[in-house]
Amino acid sequence: MTITCHPASDVAREVNPFLRGFGRMGPVHSSDSVFVVRDDQTLIGCVRLAREHGVCVLRSLLVHPQHQGRGHGAALVRALLAQHEWHRGQPIYCLAYPELLAWYEQQGFEVVADADLPAHLRLRQLSLRLQHALTIGLRAVSQNFSAVDV
């Protein structure tokens with residue numbers, strides 16, 4: 001398995017249908033960095049680092065169900081965090097479902113009070129809650145991350 005990072009324009013034609021195939025809504029955007037994991041040439045997982053309103057957001061983390069439980073999701077997140085430019089002082093946020101909280105904490109994220117989320121993420125979170133999708137705001141804790149191939 002290999003993990004690579006790409007500008008969204010290089011992988012959108014492959015990643016967007018992959019995400020839609022598993023019920024994920026938003027497409028990758030031109031400003032996103034997309035990390036993909038492949039088994040030979042087959043896409044089996046992805047995550048994107050989106051820049052929204054001047055804030056970095058982890059979005060669309062997905063590993064094909066047949067490949068889950070093997071560390072691919074954690075490896076994707078580690079690769080994303082390792083490449084992120086911590087020295088600029090920009091944290092990475094994400095909105096996660098409660099059942100994934102412990103997993104995200106293992107990956108180096110901490111819970112953020114709703115009031116401390118960037119405004120656009122508070123609005124997204126409120127919109128999700130109105131759709132009965134409870135999410136928790138998280139922020140990556142700055143530390144030395146090292147990407148590891150799976």
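**Close-up views of a predicted chain**

**Figure 1. Salt bridge between Glu-14 and Arg-38.** Glu-14 and Arg-38 form a salt bridge, with 2.8 Å between the closest N and O atoms; the term denotes a side-chain nitrogen of Lys or Arg within 4 Å of a carboxyl oxygen of Asp or Glu. Because Glu-14 lies in helix 1 (residues 8–21) and Arg-38 in strand 2 (residues 33–39), the pair ties together parts that are 24 residues apart in sequence. Helices (H or I, at least four residues) and strands (E, at least two) are DSSP runs, numbered from the N terminus. Glu-14 is partly exposed, its relative accessible area being 31%, whereas Arg-38, at 16%, is buried. Buried here means under 20% relative accessible area, exposed means over 50%, and partly exposed lies in between, with a 1.4 Å probe and protein chains only. The structure is a predicted model, in which local features need pLDDT of at least 70 and side-chain atom pairs count only at pLDDT 80 or more, while totals for chains, interfaces and linings use all residues. Residues are numbered from 1 along each chain as its sequence is written, and side-chain values use heavy atoms, with hydrogens and water left out.

**Figure 2. Further salt bridges of the chain.** The salt-bridge count comes to six. One of the pairs joins Asp-114 and Arg-129, whose side chains meet at 2.9 Å, N to O. This pair links distant parts of the chain, 15 residues apart: Asp-114 sits in the loop between strand 6 (109–111) and helix 4, and Arg-129 in helix 4. Asp-114 is partly exposed, with a relative accessible area of 33%, and Arg-129 is likewise partly exposed, with 32%. Arg-59 counts as partly exposed at 23% relative accessibility, while Glu-52 counts as buried at 11%.

Figure 3. The volume of the largest pocket is about 880 Å³. A pocket is an open set of points on a 1 Å grid over the protein atoms alone, where a 1.4 Å probe fits and protein lies on both sides within 12 Å along at least five of seven lines; lining residues have an atom within 4 Å of a point. Grid points are joined across faces, edges and corners, and the volume is the space filled by probe spheres set on the points. The lining of the largest pocket comprises 31 residues, and Arg-24, Ser-60, Leu-61, Leu-95 and Tyr-97 lie nearest its centre. Strand 4 (55–63), helix 2 (72–83), strand 5 (92–96), helix 3 (101–106) and helix 4 (119–130) each contribute at least two lining residues. Strand 4 provides the largest share, with seven residues. By class, the lining holds 17 nonpolar, 10 polar and four charged residues. Ala, Val, Leu, Ile, Met, Phe, Trp, Tyr, Cys and Pro count as nonpolar, Asp, Glu, Lys and Arg as charged, and the others, Gly among them, as polar.

Figure 4. Most residues other than glycine have a negative phi. Ser-60, although not a glycine, has a positive phi of about 55 degrees. Ser-60 belongs to strand 4 and is buried at 16% relative accessibility. His-132 also has a positive phi, near 65 degrees. His-132 is placed in the loop between helix 4 and strand 7 (136–140) and is exposed, with a relative accessible area of 76%.

**Figure 5. Surroundings of Ile-44.** Ile-44 lies in strand 3 (residues 42–52) and counts as buried, at 2% relative accessibility. Apart from neighbours within four places in sequence, the contacts of Ile-44 include Met-1, Phe-18, Val-37, Arg-38, Leu-62, Val-63 and His-72; contact means heavy atoms within 4.5 Å. Ile-44 and Gln-83 stand 39 residues apart in sequence and 20 Å apart in space, C-alpha to C-alpha.

**Figure 6. The chain as context for the close-up views.** Four helices and seven strands make up the elements of the chain, and their order from the N terminus is β-α-β-β-β-α-β-α-β-α-β. The C-alpha trace spans about 45 × 35 × 30 Å along its principal axes. Buried residues account for 43% of the 150 residues. Of the contacts between residues at least 6 apart in sequence, 65% join residues at least 24 apart.
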